[in-house]
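Thanks, everyone. Let's get the structure up on the screen and go through it.

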Amino acid sequence: MATHEKGKALSTKKSWINPKTAPYVFIAPAVLFFALFTVYPAISSFLLSFQTSEGGEMVFAGLDNYARLFTDNLFYTALGNTFLILIVQVPIMLSLALLLAVMLNSTFVKMNGFFRAAFFLPSVTSLVAAALVFLILLDTNNGLVNFVLMQLGIDPIAWFSDGFWAKVALMLVITWRWTGYNMVILLAGLQNISKDLYEAAEIDGAGRVRKFFSITVPQLKPVLLFTTVLSTIGTLQLFDEPYIMTDGGPNNATLTVIMYLYNNGFRYFDFGYASSIAYVLVVIIAILSWIQMKVGGDRD
Amino acid sequence: MNKEKLLNKIVLYVLLLIGVLLSLFPFYWMFIGGTNPSGAVFNMPPRLIPGEFLWENFTNLNESVGILRSLFNSLFIAVTFTVLAVLIASMAGYAFAKYSFKGREAIFFTLLLAMMIPYHVTLIPLFRMFAAMDWLNTYQAVILPQLSYPFAIFLMRQNMKAIPYSLLESARVDGAGELKIFFKVALPTMRPALAAVAIFLFMFQWNNFMWPLVVLNTSEMETLPVALSSLIGLSRIDYGQVMMGATISVVPVIILFLILQKQFISGILGGAVKE
């Protein structure tokens, strides 16, 4: 600010930006953008879910979209795929993350920083780049993974033409991309557990396994719950990886809820139907998060 | 006892090293693919060393999807977004933390509630809105929607709480205006938090895929992830180009990560971990 303007700016500031009005000035941009680009679209989407397109105009259609959704086999397929990936992948990934975190937390391990950085690195990759690399690694005819399997005397796997293996392929990318992320959170949780607890257990003669299950796991419960909720919400919104690797195929075996939303909204331009899918997903996420908090939070 | 300890140690290190190998190999494979001709991945056994096709893959990639332009688009969008969103979040976070005013709790609670809602819910109305304004395929269409990022506001509020009131009061006594106090007194104490929030927001936008895929539709406007995804749609996929593109999208963030590791981890975890 130039000096000759300073006096003027200061006096006008004093006139209307004072300790009473200042907070409103500070929150104004956040509230304005939030109202325009989050609140308005969220309400609009809710209204759209009760509308359907007739000759290019959106008209009220009552519960038609929801009625259609509940009898839509493809929607159930997408929901089933998403839940299958959720139920199988999330526990495997979190167990792996916990195992790595416990190993890094052990007193023997030197070069903690190096290992932590190496495991964390996949989480800075864009999902699209990760999906592309795995697409090539898992190529049926020429992929490195099948080559290694063949060297070990195992038949090559038809990763993307078999529904089961296509799901496994998706789970592999997700696990690669997110295990280190969860490990770092869990490691921080482990470091907060008091050493006294372990020492007391040692005096009582508890072994390694016993200590893990009666001290580490209960003490870590809030952090485990946090990572479970995050991973659940993330998996329910799975889109980038199946879009790049399988486009939902083969035969819809990797179609996810968000992919189905995308297809209806931006391939068939059926905005009303796509909006109803979005709101069903909101309800599912709300219910699952609530259950997880309830189950995770009750026992203390 | 000592023998057992040594054995434990060896097992531990072997497991960790296998983990490191699995974690880092895909990056190496990206680079190998990006420096070898497309046909090289068809070689059996696969080539495991870098080739001399780095430049050729790069120029081919630039011809087919305009990767330099996409790199610029991604940088421009992510940087502009980050600067604006950090400013908006710190201003709001400061107001929520350091002032009491009518409506504070209600507004803050609404923002928190919004964090639970998947942003996919807003995609269709946003698309219609930008279409109506004739703003499809523009930078602002990608930058605007998430500028008020509730999670960033929440993080800034948590951090701003640590600023002592006495510091702000003494500036007021000295006759400083509220804006000046915010920019000259409050913000400078927030450097670590600002860095973490900035990295969080930058990574969100740099890797953002679905919304840019929906609103950007010419190759001059595409961001890196969208440009890369278009390589898969081509009838004959050129693996050298794909891997080169993946490398280009990953290298800038890896460099940033290696320089600012600590802020990066807390940024990406979004304050989930206190260090």
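First, a term: axes are lines fitted to C-alpha atoms, for helices over the stretch in contact, and angles run from 0 to 180 degrees between N-to-C directions. Helices are DSSP runs of H or I, at least four residues, numbered from the N terminus.

Two housekeeping sentences. This is a predicted model, where local features need pLDDT of at least 70, side-chain atom pairs count only at pLDDT 80 or more, and totals for chains, interfaces and linings use all residues. Residues are numbered from 1 along each chain as its sequence is written, with chains lettered from A and ligands numbered from 1 in the order in which they are written.

Start in chain B. Helix H8 (residues 165-173) packs on helix H9 (residues 178-186) at about 130 degrees, axes 10 Å apart. H8(B) and H9(B) are therefore oblique; that is the class left after under 35 (roughly parallel), over 145 (roughly antiparallel) and 65 to 115 degrees (roughly perpendicular).

Who meets whom? From H8(B), B:Leu167, B:Leu168, B:Ala171 and B:Arg172; from H9(B), B:Ile181, B:Val185 and B:Ala186. Contact means C-beta atoms, placed from the backbone, within 7 Å.

Now chain A. All 11 of the 11 residues in helix H6 (residues 127-137) are buried, with 20 or more other C-beta atoms within 10 Å of their own. A:Leu132 is one of them. A:Leu132 touches A:Ile244, plus B:Leu228, B:Val242 and B:Ala246 across in chain B, leaving out residues up to four places away in sequence.

Last, the chain pairing. 71 residues of chain B contact 73 of chain A. Helix H1 (residues 2-35) of chain B gives the largest share of chain B's side, 13 residues.

Definitions and conventions
Helix = DSSP H or I, 4+ residues; strand = E, 2+ residues; numbered from the N terminus. Contact = placed C-beta atoms within 7 Å. Buried ≥ 20, exposed ≤ 12 C-beta atoms within 10 Å, placed from the backbone.
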